[in-house]
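Me: I would like to go through the labels given to this structure and ask what stands behind each of them. Please set each value against its definition.

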Amino acid sequence: MKTWVAILLTIGLVAGCALVAALTSVNLYLPLIVGTSVWAGIDSSRLRLQRYQSGISYSPVVLGILCSMIWIVGFPWYLSMRRKIITGAARLRPEYEPWDMAGGQVSRKGLVQPWQGRKL
């Protein structure tokens with residue numbers, strides 16, 4: 001979802017928990033934060049978030065912990081990055097970009113090794 005929608009959703013979830021807490025004296029903040037953080041970690045492994053250029057492209061476990069620690073910022077950020085990945089707008093990290101066959105790496109004799117003729 002778009003960033004502003006993710007922020008509004010997060011504010012709505014907090015407001016909903018506050019309303020439930022006011023009406024029934026049941027605190028749902030902790031289950032909300034833990035549940036959404038676990039979901040973000042599981043979903044990030046499915047989307048392979050680590051492959052993309054972002055400030056939150058961590059492993060699923062680290063992402064879940066960070067989302068639970070700074071939930072008010074981390075959860076909307078994850079939702080907006082998730083939308084970019086699903087729509088194809090997210091940029092891959094350079095090490096995960098597809099190899100360019102027309103980029104001068106292929107000659108008539110076959111593949112040109114970039115380290116050929118150099119000391120390693």
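Reply: Leaving aside neighbours within four places in sequence, Ser 37 is in contact (heavy atoms within 4.5 Å) with Gly 64, Cys 67, Ser 68 and Trp 71. This is a predicted model, in which local features need pLDDT of at least 70 and side-chain atom pairs count only at pLDDT 80 or more, while totals for chains, interfaces and linings use all residues. Residues are numbered from 1 along each chain as its sequence is written, and side-chain values use heavy atoms, with hydrogens and water left out.

Me: Why is Ser 37 called buried?

Reply: Ser 37, which lies in helix H2 (residues 29–47), has 3% relative accessibility and therefore counts as buried, since that term means under 20% relative accessible area, with exposed over 50% and partly exposed in between (1.4 Å probe, protein chains only). Helices here are DSSP runs of H or I with at least four residues, numbered from the N terminus.

Me: What makes Cys 67 buried or exposed?

Reply: Cys 67 has a relative accessible area of 2%, so Cys 67 is buried; Cys 17, with 6%, is buried as well.

Me: How many disulfides are there?

Reply: The count comes to zero, where a disulfide would be a pair of cysteine sulfur atoms within 2.5 Å.

Me: Why is Val 61 called exposed?

Reply: Val 61, found in helix H3, has a relative accessible area of 60%, and therefore is exposed.

Definitions and conventions:
Helix = DSSP H or I, 4+ residues; strand = E, 2+ residues; numbered from the N terminus.
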